[in-house]
Each structure stands twice: as structure tokens, then as C-alpha cells.
Amino acid sequence: MRFLAILTVRNEGAFLLEWLAHHRAIGFTNFLVFSNNCQDGTDKILDRLDESGLITHVRNDGPYDKSGIQFTALKTADKHSLVKEADWILSLDVDEFVNIHTGDGQLADLLRTLPDADAITLTWRLFGNGDQVRYSTDPVTETFTRCAPAVINWPWRAAMFKTLYRNDGTYRKTGVHRPRSVKDDDQLETYRWFDCEGRELGRQFKTKRLFSNYGQSNFKYAQLNHYALGAMESFVLKADRGRAVHSDQMLDVDYWVERNFNMDSDTSIARYTPMRDALMAEMLEDKKLQRLHEKATAWRHARFRQVMQEEPFRALFARLMMTPPSRSINTTTARTLSGFAAMGRRKLAPEPKR
């Protein structure tokens, strides 16, 4: 069984080995990674990992078409032999970690739990900043353990998902959140989507939905730990890096507030720590890779000091310091907000065509 993870990265070399070790530990067999015009040496780390046979690296340095950086990469992925040969595919970002709760926590265990599934929605569980100001080289999954509650009423972005799907030709294109471009509507009727509570999902999920129903638990068998913020210093560098999809929009405090949930604690991903650490240690036996990794972490410290000389980023950092974490929203408030946003949710656009 070939499990393929597709990843796009820019200036995130400091986080790359942890992410790769974790997803190797849960059973991904292949990695197709696109680097996007990096300055921190991420591309060189990926070159070395490619030489070692651990990933396949493709440079995506531009120019980019109007659909954005990430979609330009995914258009290339659609033609790649790894995509054509994969049995199951999942598109991820470097701040997303698959966390399987069933069996031994392997992808194979999830498929055994949902044997009729052709697609499985892995819903985000948002992990907040936890009042971390300084960037640290400690593992992301151990540094950030405060998160959104299992049942959340707002915002809908907290319930977005990524899709692990069977690559049997039903869909012709990969996507950021879901497979795209149905080949045959009749074939789609027998292609079955499930969520991680074991609920079978309807046709809307098969064609355009990007988020699970909120106000309910979605994490029984698996979840997608989403560390979208990180330390405040890292968030400033994320704003400096730019967005992969909406590349014309700078990250700001609104993005931060909608994701900085710290009400609950979840350390379930710690089950993977021993295997992750062993795989990271194995990779770092390569002295060249170790040096490249250390250079990427040093670059983050230096770059943060540099952007603090620029007013937009200095102002953003100050606002983060003054902004309290998001709080859970009670049922009455959630219903009011839901009413205001009902039209927007009904018209929520699918991913851009490409």
C-alpha cells in the first residue's frame, strides 16, 4: 500500500525533520515535497533528503499562475509519477500533523476502522499559541499542547479538514483540502466519504465542502493537529514568508484570533514520540543534513531580528503581545453568529479552479 503525502514549504527548514519523522512514523511511504523560493536553506535540506531516498523534492520557485503558489505546485503534482502510482493521497502543510487514535495509530489502522471509506476527512484541531513568545527548537508537538475544545461552535474555520483519499481515478486533480475534478459522476455515486466519527458523508462533501459540521465531535478515530500559529516570533516570520494560497493577503491579528484557542489540553500525539525521535536521530546521523538543519534554525533567529527593523512586522509583533487568547463561545452567541453568517456559509466557494 502506497501512502503519499504532498507538502509545499517555504522557509520552514527548521520544522521539516520533525514533520517528516512524525509522518514516517504513522505510515506514509512516499513524500512529494515542493519548495517555494526559499531563503533559509529548506530547498537544500530537501535536496539532501531526496539524495537519501526519503522524499522526492521538486522546486517550485515561480513564476506562479494566478491561482497561487500552492496551486501551481499541485498542478505539477497532478502529472507526477508518485501521484499516479499512489494508493492513498493526503495534501498537508508543515504545521499539520496527522494524529490517529485508533489501533496502533497507523494509517493502516484507520483504514481498518473505516473499511468502507474511499475518502476520510481529517478535521483540524486548532492548537493555540500557549503564550509562547520566543521561537524554540523544541518539538512543535510538545511545545504546543493547549487547543480548541473537541466540540466547538465557532468559527467554521476551526472545523476545516484535509482529505485522505483513495487514488482510484475518481478524481483527476489533487487539492489543498480535498481531491478535485470528478472524472465520472456515476463513479462518484459509489465512492464513499466518511468522517473520523464513522459517519458517512453526503454528496456535498464529495464535490465542494471544505469543513466538517461544527458543534459536534469529529475526532473519535483521528484528527489533524494544526499548529497554525506557533510562537509569536514564528508567526511574524510566517507573515514575512507570505501565504501559499491567498498570497496577496498578509497574515494579521484576525488570522491569529480565529486560531488561538487554548481552553483544552491534548497530548495524545505523544504516542508517536519514541518512533519520531528515533527517526529524527537516524536522519541527523547525516552530518551534512545536520548542518543544514542547524543553519535553518539560525536563519530564523537572524531573520526575526531583521524584520523587527520594519514597521509592519514590529507592529504585528506588538499586537500579538497585547491580544488575549480566543475563548470558547457559548451556544447563544454561536447561534447569533451562525445566523449572521448563514448566507456566507451556504455560498462558501470551493477551491479555485485550476
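Student: In which sense, left-handed or right-handed, does α2 pass α12?

Tutor: This is a predicted model, so what follows describes a prediction. Two packed helices are described by the angle between their axes and the distance between the axes. Here the crossing of α2 over α12 is left-handed. The axes of α2 (residues 42-51) and α12 come within 9 Å, at a crossing angle of roughly 160°. An angle over 145 degrees counts as roughly antiparallel, so α2 is roughly antiparallel to α12.

Student: Which residues make the contact between α2 and α12?

Tutor: On the α2 side they are Lys-44, Ile-45, Arg-48 and Leu-49; on the α12 side they are Lys-288, Leu-289, Leu-292, His-293 and Ala-296. By class, the contact of α2 with α12 holds five nonpolar, one polar and three charged residues.

Student: At what angle do α1 and α11 cross?

Tutor: Helix α1 (residues 13-25) and helix α11 (residues 273-284) cross at roughly 125°, and their axes come within 8 Å. That angle makes α1 oblique to α11. The crossing of these two helices is right-handed. From α1, the contact residues are Leu-17, Glu-18, Leu-20, Ala-21, His-22, Arg-24 and Ala-25. From α11, they are Met-275, Arg-276, Leu-279, Met-280, Glu-282, Met-283 and Leu-284. Nine nonpolar, one polar and four charged residues make up the contact of α1 with α11.

Student: How many residues of α9 are buried?

Tutor: Burial is read from relative accessible area, with under 20% as the cut-off. In helix α9 (residues 232-241), nine of the ten residues are buried, and the helix is mostly covered. Among them are Met-232, Phe-235, Val-236 and Leu-237, and also Glu-233, Lys-238 and Arg-241.

Student: What covers the buried residues of α9?

Tutor: The cover includes α1, α10 (253-257), α12 (287-307) and α13 (311-322). After α9 comes Gly-242, which has a positive phi near 95°.

Student: Now the strands. Why is β6 largely enclosed by the rest of the structure?

Tutor: Strand β6 spans residues 119-126, and eight of its eight residues are buried, so β6 is largely enclosed by the rest of the structure.

Student: In a regular strand, how are the side chains arranged relative to the two faces of the sheet?

Tutor: The side chains alternate between the two faces. For the pairing itself, read the bridges and the direction of each partner. β6 pairs with strand β8 (residues 161-166) in the antiparallel sense, over five bridges. Within that pairing, Ile-120 is opposite Leu-164 of β8.

Student: Which strand is joined to β6 in the parallel sense?

Tutor: Strand β11 (residues 193-195) runs parallel to β6, with three bridges between them. Thr-121 has Asp-195 of β11 as its bridge partner. Strand β13 (residues 222-226) also runs parallel to β6 and is joined to it by three bridges. There, Arg-125 is opposite Asn-225 of β13.

Student: Take a single residue. Is Leu-90 buried or exposed?

Tutor: Leu-90 lies in strand β4 (residues 88-92). Its relative accessible area is 0%, so Leu-90 is buried.

Student: Which residues is Leu-90 in contact with, leaving aside neighbours within four places in sequence?

Tutor: They are Leu-4, Ala-5, Ile-6, Phe-28, Val-98, Leu-122, Lys-162, Thr-163 and Leu-164. Leu-164 is also the residue opposite Ile-120 in the pairing described above. As for spacing, Leu-90 and Phe-31 are 59 residues apart in sequence, and their C-alpha atoms are 9.9 Å apart in space.

Terms used:
Residues are numbered from 1 along each chain as its sequence is written. This is a predicted model: local features need pLDDT of at least 70, side-chain atom pairs count only at pLDDT 80 or more; totals for chains, interfaces and linings use all residues. Side-chain values use heavy atoms; hydrogens and water are left out. Buried means under 20% relative accessible area, exposed over 50%, partly exposed in between (1.4 Å probe, protein chains only). Helices (H or I, at least four residues) and strands (E, at least two) are DSSP runs, numbered from the N terminus. Two strands pair if DSSP finds at least two bridges between them. Axes are lines fitted to C-alpha atoms, for helices over the stretch in contact, and angles run from 0 to 180 degrees between N-to-C directions. Angles under 35 degrees count as roughly parallel, over 145 as roughly antiparallel, 65 to 115 as roughly perpendicular and the rest as oblique. A crossing is left-handed if the near helix is turned anticlockwise from the far one by less than a right angle, and right-handed if clockwise. Contact means heavy atoms within 4.5 Å. Ala, Val, Leu, Ile, Met, Phe, Trp, Tyr, Cys and Pro count as nonpolar, Asp, Glu, Lys and Arg as charged, and the others, Gly among them, as polar.
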